[in-house]
Amino acid sequence: MKADIVTIFPDFFRGPLDHGITRRAAEMGLVKVDVHDLREFTHDKHRTVDDRPFGGGEGMVLKPEPIFECLEPLALASRERRLTSEKTPGSAKESVILLSPQGERFTQKMAAKLAGLDRLVLICGRYEGVDERVADFLADREISIGDYVLSGGELAAAVIIEAVTRLLPGAVGNEASTRQESFTAQEGGEFIENASTCGSGGLLDYPHYTRPAEFRGMAVPSVLINGDHQEIRRWRRAQALEKTLRNRPDLLEGAALNEDDKKLLLQIKDSRLSS
Ligand code: ADE
């Protein structure tokens with residue numbers, strides 16, 4: 001996969017992309033990320049990338065010209081072709097994404113879709129906004145990484161690159177960990193590959209422990225040490241259910257729950273009520 005990041009802070013990406021999975025994937029040739037400095041596409045002495053908003057109001061808006069000019073040498077398919085290529089087998093799969101708090105919410109399902117593309121272009125918004133012509137005529141979609149406002153799209157771009165890269169075949173050393181996510185997760189009630197951050201069946205992951213078995217008086221649950229694998233599986237499932245109920249009850253609606261899970265959930269709810 002080839003990824004291009006358009007930003008006014010190119011140095012920001014020195015850290016996030018030069019460590020861990022993204023670095024390893026780049027070294028293995030699975031992904032190539034180019035970072036483009038928007039200021040190189042300005043034509044004035046001050047290398048101006050922003051201006052005041054038409055109609056008045058607070059803050060500055062990123063100007064459209066440098067962004068359009070930055071994308072031109074990338075030789076992408078036209079926006080129209082990009083948008084239709086999703087449905088045309090065999091055609092180059094590219095996506096131009098504007099990062100902004102006004103975008104669709106980024107999910108693991110989206111990461112899995114993006115991981116199937118040949119090319120990603122991530123435009124980092126800044127300041128109070130980006131001239132809307134970028135969203136309307138240049139970007140194929142607008143993505144937000146969550147319901148909070150960052151001062152720019154740089155962190156969001158790094159998040160997307162990391163989430164997508166680790167889904168590229170061969171990128172994650174321990175394939176079993178992505179396989180577990182891949183085949184058991186579901187979203188919106190329907191099973192999909194690479195759909196979730198969840199440990200199993202659309203639930204949050206169960207807790208993990210390692211040595212020492214006792215640390216400063218905090219003991220690892222004894223069930224994990226006894227070696228009864230059926231017991232361990234049952235315990236992990238119960239813990240995943242309990243954690244999901246506590247932290248993300250919304251996920252339970254789309255989760256694949258069997259009769260035992262439903263009974264367990266009722267027990268957890270009852271014990272909560274009585275405690
Ligand atoms: N830019 C500012 N906030 C953002 C967010 N939540 N997601 C993506 N880009 C952003």
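In the predicted model, the largest nonpolar core comprises 30 residues, of which I5, L99, F106, L114, L122 and I160 touch the most other members. Several elements contribute at least two residues each to this core, namely the strands β1 (2-7), β5 (94-105) and β6 (119-124) and the helices α5 (108-114) and α7 (154-165). The largest share, 7 residues, is supplied by α7. With residues up to four places away in sequence left aside, I160 touches L99, F106, L114, L122, I143 and I145. Another core, of 20 residues, lies apart from this one and includes L38, L74, V96 and A135. In soluble globular proteins, nonpolar side chains tend to be buried together.

Two helix pairs were examined for their packing. Such pairs are described by the angle between the helix axes and the distance between those axes. Helix α2 (residues 20-27) packs against α7 at an angle of about 60 degrees, and the two axes are 9 Å apart. Because of this angle, α2 is oblique to α7. The crossing in which α2 passes α7 is left-handed. At this contact, I21, T22 and A25 of α2 meet I161, E162 and T165 of α7. The contact of α2 with α7 has 3 nonpolar, 2 polar and 1 charged residues.

In the second pair, the axes of α9 (residues 229-247) and α10 (residues 259-274) come within 10 Å and cross at roughly 55 degrees. Helices α9 and α10 are therefore also described as oblique to each other. Here α9 passes α10 in a right-handed crossing. From α9, the residues R237, A238, L241, E242, L245 and R246 take part, meeting D261, L264, L265, I268, K269 and R272 of α10. By class, the contact of α9 with α10 divides into 6 nonpolar and 6 charged residues, with no polar ones.

Most residues other than glycine have a negative phi, and most peptide bonds are trans. A cis peptide bond, with omega about 5 degrees, joins R211 and P212. P212 is located in the loop between β10 (190-191) and β11 (214-215). A positive phi, near 50 degrees, occurs at A75, a residue other than glycine. A75 belongs to the loop between α3 (64-71) and α4 (79-85), and A75 is exposed, with a relative accessible area of 63%. R216 likewise has a positive phi near 50 degrees. The loop between β11 and β12 (218-219) contains R216, which is exposed at a relative accessible area of 75%.

Conventions:
Residues are numbered from 1 along each chain as its sequence is written. This is a predicted model: local features need pLDDT of at least 70, side-chain atom pairs count only at pLDDT 80 or more; totals for chains, interfaces and linings use all residues. Side-chain values use heavy atoms; hydrogens and water are left out. A nonpolar core is a set of buried Ala, Val, Leu, Ile, Met, Phe, Trp, Tyr and Cys residues joined through side-chain atoms within 4.5 Å. Buried means under 20% relative accessible area, exposed over 50%, partly exposed in between (1.4 Å probe, protein chains only). Helices (H or I, at least four residues) and strands (E, at least two) are DSSP runs, numbered from the N terminus. Contact means heavy atoms within 4.5 Å. Axes are lines fitted to C-alpha atoms, for helices over the stretch in contact, and angles run from 0 to 180 degrees between N-to-C directions. Angles under 35 degrees count as roughly parallel, over 145 as roughly antiparallel, 65 to 115 as roughly perpendicular and the rest as oblique. A crossing is left-handed if the near helix is turned anticlockwise from the far one by less than a right angle, and right-handed if clockwise. Ala, Val, Leu, Ile, Met, Phe, Trp, Tyr, Cys and Pro count as nonpolar, Asp, Glu, Lys and Arg as charged, and the others, Gly among them, as polar.
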